[in-house]
Each structure stands twice: as structure tokens, then as C-alpha cells.
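Take a look at the protein below. Keep the sequence and the 3D view side by side as you read.

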Amino acid sequence: MMNNYGTPKLALERGEGAYVWDTDGNRYLDLVSGIAVNALGHAHPAIVAAVTEQIGKLAHTSNLYINKPALELAERLLDLAGLTGKVLFTNSGAEAVETALKLSRRTGRSKLVATTGGFHGRTMGALTLTGQEPKRTPFQPLLPGVTHIPYGDVKALEDAIDDETAAFIVEPVQGEQGVVVPPEGYLQAAREITTKHGALLILDEVQTGLGRLGSWFAFQQVGVVPDIFTLAKGLGAGLPMGACIAVGDNANLFVPGHHGTTFGGNPVVAAAALAMINAIASEGLVEHTAAVGKEIVAGVENLGHPNIAGVRGAGLLIGIMLRGKKSADVAAAAEKTGYLINPIQPEVIRLAPPLILTHDDAARFVADLPSALEGS
Ligand code: PLP
């Protein structure tokens with residue numbers, strides 16, 4: 001394998017619920033969940049059953065033929081969003097963003113606005129929208145016509161968006177930047193400003209969507225309707241799947257021949273996604289996520305630990321800001337005591353556990369956090 005990830009220190013072999021085991025048999029509470037992916041944890045019986053049944057029936061069709069799970073999933077996603085529109089399935093978040101970007105070109109405009117610190121993926125178009133210089137610099141030149149403005153800054157938005165802007169793309173919470181939450185009213189302002197100039201508002205919900213923030217979609221918490229939103233990560237229940245969802249007439253910007261992907265809407269992954277959505281709904285996991293997330297935030301705050309500078313986030317996407325400690329050292333110390341946590345920024349730990357995380361496991365992590373801080 002290429003050396004683009006560095007060398008991972010841990011080889012994982014199996015998982016069950018919120019726990020994973022490495023190849024030496026050590027058990028960890030998984031507070032990373034494959035980077036905000038495994039919403040139902042590992043080896044959830046409903047997912048195993050759905051995948052087994054579908055793969056025994058039909059594993060792949062291509063997009064020359066329609067398949068029932070994909071169609072049902074598209075309808076289900078729109079229902080959950082409470083919107084009319086259309087879905088295009090992809091295999092990853094970056095591809096969902098590329099799809100949104102290509103849709104925006106169909107407006108006849110090409111100027112794009114994105115945010116500093118924002119992350120939208122690694123393919124060339126998505127990378128152009130990503131506002132993190134170290135990831136962009138080795139791959140210049142990128143797409144022309146993209147401006148990055150500070151995240152959360154309404155004045156900068158007003159200045160950047162004009163009648164030639166095709167779209168503004170933004171994460172409801174910046175995940176990869178360290179779980180950065182924008183000021184109240186920011187997404188509403190983004191909606192107003194884009195509408196005023198006839199520009200599309202693209203919400204990148206790849207990380208925040210499907211229950212993670214304690215609502216099916218982040219935009220539902222702030223009462224904003226995007227023109228386009230993107231999903232991936234949690235969508236396939238651990239299998240690769242993304243989606244670009246266009247609301248209302250925006251969905252008609254593509255006509256046959258404009259875009260496609262061989263595997264998009266694969267029936268096995270769609271069956272897994274449907275089973276996952278059903279389980280999240282029937283097990284009340286959206287509400288559970290909101291409640292357990294609040295417990296973790298309050299618990300970490302109440303520790304009053306000198307090495308904790310603050311906690312931020314919503315639902316089960318949480319950033320713990322450190323003081324006087326390096327996140328990589330804290331994560332290494334936590335790993336030794338049986339917790340997987342993600343050192344997303346040098347001084348920020350990200351928690352993105354499965355939505356099935358129990359109250360007890362959350363409390364146990366909070367209680368053991370000081371020993372990871374002190375052991376680092
Ligand atoms: N958009 C957001 C908000 C993300 O967090 C990510 C991945 O972290 C992506 C897009 C890219 O997704 P993928 O890694 O599946 O290409």
C-alpha cells in the first residue's frame with residue numbers, strides 16, 4: 001500500500017457493538033467508528049442480515065438497470081429530510097461533493113465560495129473546495145474560481161458572494177478542522193445571502209448527516225433548507241456509499257449523460273443503508289445520540305481538568321480542546337487503556353463514536369479521560 005497514510009500502529013481484526021479487537025486480541029471502546037462511519041457500531045445483526053440477504057440475491061447491477069434497494073433508499077432519504085428532490089448515489093464523500101460541484105456548473109456560473117478550514121475530500125474538485133493549505137499545496141494548480149473565506153464570518157460571506165457565484169459550500173460543523181461549530185445564525189445568513197444572489201447553498205453533511213449531531217440532518221436543527229446536500233460516511237453502515245441530494249428544481253440540472261459512476265447505488269450497500277436507517281429510527285438512536293452527546297460534553301466539562309481547555313460539538317461529534325498536551329500523545333495513552341480516540345488536530349481530540357454508544361460506556365470514558373491525560 002502507498003505511504004499516503006503513514007504507517008498505522010494498530011491492526012484491527014473484528015468488532016462487536018461499540019467495541020473492536022486488534023490482531024493481538026486487545027479490546028478497545030471505539031470512539032472513532034471508522035471516522036464517523038459505523039453508526040450502528042460493528043457487526044450489527046440487522047446490517048449483517050440485510051447484506052447477506054441482498055448479496056445472495058443480486059450484488060451489482062450498474063446504472064443501466066434500476067434496483068429496488070437504491071430506489072427505496074432515495075425515497076427514504078428525501079422523506080427523512082422532509083424535502084422534495086432527487087438523489088444521485090456515489091461511493092464516497094469526495095464523489096458526492098464532486099457531484100454537487102458539477103451540478104453547480106450547470107447553473108451557467110462557475111465562481112465558488114468555500115470556507116477556510118473546511119474539508120470536502122481529496123479528489124481535485126473537492127480538494128479545491130477544501131480550505132486546508134497543506135492538503136492543497138502539493139497539488140496545485142487546482143480548479144480556478146474558488147474563494148475561501150473565514151468560517152462563521154457573515155460579513156466575509158456578504159463580501160464574497162455576488163451575482164456570478166454558482167455556489168457556497170459549507171459544513172454545518174467543520175469536522176476535520178477539529179469539530180468547529182459556527183456562531184448561531186451563520187447557516188441562516190448563508191441561506192439568505194445565497195438566495196439574494198441566486199447562488200446555490202451546498203451543505204456538506206458527509207460528516208454531520210444521518211443522526212450524528214442528534215437530528216437526521218444538521219440543517220433541520222437550524223431550520224435551513226439547502227439547495228444541495230451531500231452525505232457519505234454513516235450512510236452505508238460501514239460500506240462505501242455517498243449521496244448528492246438536490247432539492248426541488250435543482251435536481252433537474254443534470255440530464256442523461258451528464259454524470260455517472262459504475263458502483264453508485266449498489267444494491268448491497270443500499271440494502272445496508274436502508275437497514276441502518278430503519279434501526280436508527282426503531283431504536284430511537286437520533287434522540288439517544290443527542291442525549292449521550294450532552295452527557296459527554298457535561299462530563300468532560302465537569303472534570304475541570306487543567307489540561308482540558310474546552311469541549312465543543314453536538315450529538316456524538318465532539319471536540320475536546322487540550323491545553324499543554326498533544327492530542328497524539330493523549331490518544332496513544334488512551335489506546336493503552338482500551339479507548340480509540342482521534343487526535344484530529346495537534347491540540348484537539350475528536351470523538352465520533354457509534355450512535356449506539358451506551359450511557360455507561362460514555363460515562364466510563366469520561367471517568368478514565370484524566371488518566372489518559374496524565375499518562376501522556
Ligand atoms: N466532506 C466532509 C465534510 C468530510 O468530512 C469528508 C471526509 O472526511 C469528505 C467530504 C470526504 O469524504 P470521503 O473521505 O468519503 O471522500
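## Two domains

The model is predicted. The protein is divided into two parts: domain 1 (12-43 + 284-374) and domain 2 (47-282). Look at the numbering of domain 1, which comes in two stretches, 12-43 and 284-374.

How far apart are the C-alpha centres of the two domains? They lie 26 Å apart. The domains also touch: 29 residues of domain 1 are in contact with 27 residues of domain 2.

## The nonpolar cores

In soluble globular proteins, nonpolar side chains tend to be buried together. Here the largest nonpolar core has 86 residues. Within this core, Phe 168, Phe 229, Ile 296 and Ile 320 touch the most other members. Which helix gives the most to this core? Helix 10 (residues 267-282) does, with 10 residues. Both domains take part, since at least three residues come from each of domain 1 and domain 2.

Now zoom in on Ile 296. Setting aside residues up to four places away in sequence, Ile 296 touches Leu 316, Ile 318, Leu 351, Leu 357, Ala 362 and Val 366. Another core lies apart from the largest one. This other core has 20 residues, among them Leu 101, Ala 166, Ile 169 and Ile 202.

## Thr 115 in strand 5

Find strand 5, which spans residues 111-115. Thr 115 belongs to this strand. Is Thr 115 buried or exposed? Its relative accessibility is 0%, so Thr 115 counts as buried.

What surrounds Thr 115? Beyond its neighbours within four places in sequence, Thr 115 is in contact with Gly 131, His 148, Ile 149, Tyr 151, Phe 168, Ile 169, Val 170, Gln 174 and Tyr 186.

## Around the ligand

Which residues are around the ligand? They are Ser 92, Gly 93, Ala 94, Phe 119, His 120, Gly 121, Glu 171, Glu 176, Asp 204, Val 206, Gln 207 and Lys 233.

A backbone N or O atom of Ala 94 is 2.8 Å from a ligand oxygen atom. For Phe 119, a backbone N or O atom lies 3.4 Å from a ligand nitrogen atom. Asp 204 uses its side chain: an N or O atom there is 2.7 Å from a nitrogen atom of the ligand. How much of the ligand does the protein bury? Taken alone, the ligand exposes 390 Å², and the protein buries 82% of that.

Conventions
Residues numbered from 1 in each chain as written. Predicted model: local features only at pLDDT ≥ 70, side-chain atom pairs only at ≥ 80, totals over all residues. Heavy atoms only, no water. Core = buried A, V, L, I, M, F, W, Y, C linked by side-chain atoms within 4.5 Å. Buried < 20%, exposed > 50% of the residue type's maximum accessible area, 1.4 Å probe, protein only. Helix = DSSP H or I, 4+ residues; strand = E, 2+ residues; numbered from the N terminus. Domains from an automatic or database assignment. Contact = heavy atoms within 4.5 Å. Near = heavy atom within 4 Å. Polar contact = N/O pair within 3.5 Å; in protein donor to acceptor, adjacent residues only side chain to side chain. Areas by Shrake-Rupley, 256 points an atom, 1.4 Å probe, with all protein chains shown as cover.
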